[in-house]
Amino acid sequence: MKSPVNLDLGTIAYNIGEGALEIAGKHFTKFSKCFLLEDENTERYCLPVFKKALPNLKVHGIIRIQSGEVNKNIEQCIIVWEQLTKLKADRDSILINLGGGVISDIGGFVAATYKRGIHFVNIPTTLLGQIDAAIGGKTGVDFMGFKNQVGLFIDPMAVVVDPIFLKTLDDIFWQSGFAELMKYGLIMDRDLWAMLIHRNYKELDDEWNKLIMKAAKDKIDIVRFDNSEKGIRKILNFGHTIGHAIETFYLKKNDAITHGQAIAAGMICETWLSSQLSELEGSPQCEIWKLIDKNFDRLDITEENISELLHIMKQDKKIRKGKFRFSLLRRLGKAIHDVEVDDSLVIESLQFYIQKQNFS
Ligand SMILES: NC(=O)c1ccc[n+]([C@@H]2O[C@H](COP(=O)([O-])OP(=O)(O)OC[C@H]3O[C@@H](n4cnc5c(N)ncnc54)[C@H](O)[C@@H]3O)[C@@H](O)[C@H]2O)c1
Ligand SMILES: [Zn+2]
């Protein structure tokens, strides 16, 4: 039986789980016009699903941009601003972001800035979007080779998470979302970790609805208490200080890897840092490295790349007064934030990644 969870948290409504899409129509009734943002893949695979579930919803205009991280840029925003203007979107219009993290990051940013801000709803269609990117109000684009360099915090009016879309998702994007799923287990949800341990993302067929509902709720729990990332929200950055540098490094080489591949590598390094710096209780590090290696191939990073990775990390938003501040693990299911880490240890953690190959 389909039984989505509905959470109404002040200005944001969340519908999560199988069946959520069918009840999403209520979010659009009070707006003068609905516009929908998609890319060529979500047009092909997700738009028909959307239309079938919401046959009575009148969409005034569909705006398509090109898929992929390489297109998460200001040029694509200009296309959307132009289309909204040509289609005469007014301030009472709403934008529906139908797609993965790239669509919700761009769509949220464009909606927040068009005519000084119109409402938007995120309908994530990738695993990563459903458990992470669509929730929490971070929006923006990459700029001058840096990830998420320009953007703002702005909440959608609603987030509709329905696994129905995921049937057509490519394997690498299942894998990518799996990295974030592991992250929630590690930083805050031991039960979730227990559901993942020894598993490979390809064998979780019947369990996805449950896993997605759990992880999406974990993210909501964090961001509702600290939306602007002043405190506890920072624990979501576990694996991301080094992971983002790795993602940017590959982006600059024009050899983009998925967000999850980068974060998986980042989590290997940052688990090592946790074991060095935060008395990782119960010594679960080998268990963690094993699960990551069971699901992700190692990246071809070499010793020669370390200085560039460090250079990229220094430009990151997570650095303060020249010192790295990491979110690290205290034990399985518990993370701490703002741990100062010297350059030398960051270098060692990358050397660990390069030298200590594969635990699976
Ligand atoms: N704002 C945040 O808090 C936040 C958090 C995490 C990640 N992100 C961002 O999210 C982005 C990554 O998101 P992503 O992994 O969803 O990637 P993505 O948006 O690039 O989507 C992955 C690919 O899948 C296609 N696709 C989407 N839905 C599909 C479906 N149902 N069936 C078939 N194909 C489909 C897309 O067209 C794309 O080619 C990154 O830019 C990252 O920085 C943002
Ligand atoms: Zn992430």
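I started with ligand 1 and sorted the residues of its shell: 10 are nonpolar, 15 polar and seven charged. I'm working from a predicted model here. In total, 32 residues surround ligand 1, and the closest are N41, S67, G100, G101 and T126. I also looked up where the shell comes from: α1 (40–45), α4 (101–113), α5 (127–133), β8 (146–153) and α6 (171–188) each give at least two residues.

Next I picked helix α3, residues 74–86, and checked its length. With 13 residues at 1.5 Å a residue, α3 should span 18 Å, and its end C-alpha atoms are 18 Å apart, so the two agree.

Which residues of α3 are buried? I found Q76, C77, V80 and L84. They cover an arc of only 105 degrees around the axis, so they sit on the same side of α3. On the other side of α3, I noted E75, I78, E82, T85 and K86 as exposed. The buried residues of α3 pack against β3 (33–39), β4 (61–65), α4 and β7 (138–143). After α3 comes K88, which has a positive phi, near 60 degrees.

Last, the domains. The domain assignment lists domain 1 (5–168) and domain 2 (179–355). Their C-alpha centres lie 26 Å apart. I read off the contacts too: 24 residues of domain 1 touch 23 residues of domain 2. On the domain 1 side, β1 (5–9), β2 (12–16), α5 and β8 each supply at least two residues, and α5 has the largest share, four residues. That side of domain 1 divides into 14 nonpolar, six polar and four charged residues.

Methods
Residues numbered from 1 in each chain as written. Chains lettered and ligands numbered in written order. Predicted model: local features only at pLDDT ≥ 70, side-chain atom pairs only at ≥ 80, totals over all residues. Near = placed C-beta within 6 Å. Nonpolar A, V, L, I, M, F, W, Y, C, P; charged D, E, K, R; others polar. Expected span 1.5 Å × (residues − 1). Buried ≥ 20, exposed ≤ 12 C-beta atoms within 10 Å, placed from the backbone. Arc of directions from axis to C-beta. Contact = placed C-beta atoms within 7 Å. Domains from an automatic or database assignment.
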